[in-house]
Amino acid sequence: MIQVKDLTFSYTGKPFIQNMNFNVEKGEIFGFLGPSGAGKSTLQKILLGMLPGYEGSATVGGAECKKHNSDFYQSIGVDFEYSTMYEKLSARENLGFFSSLYKRKVRNIDDLLASVGLENDADKRVSDYSKGMKSRLNFIKALIHDPELLFLDEPTSGLDPTNSRLMKDMVLEEKKRGKTILLTTHNMQDATELCDRVAFIVGGQIYALDTPHNLIMSKGAAKITYSWIDGSEQTATCELDAVSGDEKLRQLIAENRLQSIHSSEPTLNDIFIEITGRTLV
């Protein structure tokens with residue numbers, strides 16, 4: 001679906017994106033992960049055809065991005081981090097207007113509003129919406145024409161835990177429907193839950209590219225932490241692959257003295273810091 005080869009881009013003459021290479025398969029959720037200023041939004045704009053002055057090659061659906069025509073925009077949906085709605089119009093009026101811009105068959109507006117819990121606010125002006133409501137409305141606007149390819153920029157930003165879960169479930173549902181999804185985020189939990197593969201981007205370069213699970217397991221070992229009472233509560237930790245050799249743990253199990261035991265592994269955020277030397281702030 002997407003092929004990027006030796007991609008280089010500069011705003012000022014000094015390379016901002018440098019010799020970037022990756023591909024995205026049809027039906028995949030692919031995540032671009034990195035801190036602010038890492039190049040995620042610039043890369044997204046290149047793929048959308050908004051920044052044609054790049055070197056190398058970037059193709060979407062076999063077409064070079066700098067040569068996108070109007071038909072390309074009929075087949076993609078874009079959810080920017082910030083609202084692109086007309087504030088003086090209602091949610092229903094906004095979706096009706098944007099629906100009219102597409103040649104494709106569009107989805108039912110009432111069904112989309114209900115899917116994100118906005119059915120009772122459908123006729124309210126968008127200017128009266130909270131940030132979270134605008135975020136949910138922006139998301140379904142990207143779905144209105146049932147596109148094959150979705151560009152999602154921080155789709156859970158500003159959402160409470162309940163609506164964040166709702167949004168992530170909808171993203172996964174779109175994947176089940178065969179959609180290819182590019183997710184730009186600095187939220188490692190979202191990336192771990194949603195992405196088939198992720199690319200760590202810092203300073204316009206890809207530092208790592210793999211599945212979240214492979215990145216976690218290749219760079220860090222899972223551990224077991226257990227506790228017992230010996231006058232007061234005591235704790236110890238051992239590597240998961242060394243459990244059979246931990247004499248204290250074996251003794252506690254034999255004597256039935258374990259108070260608690262649980263396993264843990266590094267998070268994707270831990271791995272990002274280890275690989276890039278940067279945080280996501």
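Start by selecting Gly49, the residue that comes after helix 1 and has a positive phi, near 85°. Helices here are DSSP runs of H or I with at least four residues, strands are E runs of at least two, and both are numbered from the N terminus. This is a predicted model, so local features need pLDDT of at least 70 and side-chain atom pairs count only at pLDDT 80 or more, while totals for chains, interfaces and linings use all residues. Residues are numbered from 1 along each chain as its sequence is written, and side-chain values use heavy atoms, with hydrogens and water left out.

Now step back into helix 1 itself, residues 40-47. Is it enclosed or open? It is largely enclosed by the rest of the structure, because 6 of its 8 residues are buried. Buried means under 20% relative accessible area, exposed means over 50%, and partly exposed is in between, with a 1.4 Å probe and protein chains only. Pick out Lys40, Thr42, Leu43, Gln44, Ile46 and Leu47 to see the buried ones.

Two more phi values deserve a click. Most residues other than glycine have a negative phi. Asp6 is not a glycine, yet its phi is positive at about 50°; look for Asp6 in strand 1, residues 2-10, where it is partly exposed at 41% relative accessible area. Glu154 also has a positive phi of about 50° without being a glycine. Glu154 sits in the loop between strand 7 (149-153) and helix 6 (161-176), and is buried at 10%.

Stay with strand 1 and bring up strand 4, residues 55-60: the two run antiparallel and are joined by 5 bridges. Strands count as paired if DSSP finds at least two bridges between them. Select Gln3 and you'll find its bridge partner in strand 4, Thr59. Thr59 in turn has Glu64 as its bridge partner in strand 5. Strands 4 and 5 (the latter being residues 63-64) are antiparallel too, over 2 bridges. They make a hairpin with 2 residues between them, and Gly61 in the turn has a positive phi of about 60°.

Next, the rings. How many aromatic pairs does a search of the whole structure find? It finds 11. Rings of Phe, Tyr and Trp (its six-membered ring) pair if their centres lie within 6.5 Å; planes under 30 degrees apart are stacked, over 60 edge-to-face, and the rest tilted. Phe22 is buried at 4% and Phe30 is buried at 0%.

For an edge-to-face pair, go to Tyr86 and Phe97, whose centres are 5.7 Å apart with planes at 80°. Tyr86 is in the loop between strand 6 (76-79) and helix 3 (91-99), and Phe97 is in helix 3, 11 residues apart. Tyr86 is partly exposed at 45%, as is Phe97 at 34%.

While you're showing rings, Phe9, Tyr11 and Phe16 make one aromatic cluster. Finish with Lys66, which lies over the face of Tyr54 at 4.3 Å from the ring centre, and Lys141, over the face of Phe98 at 4.6 Å. A charge sits over a ring if NZ of Lys or CZ of Arg is within 6 Å of the ring centre and within 35 degrees of the ring normal.
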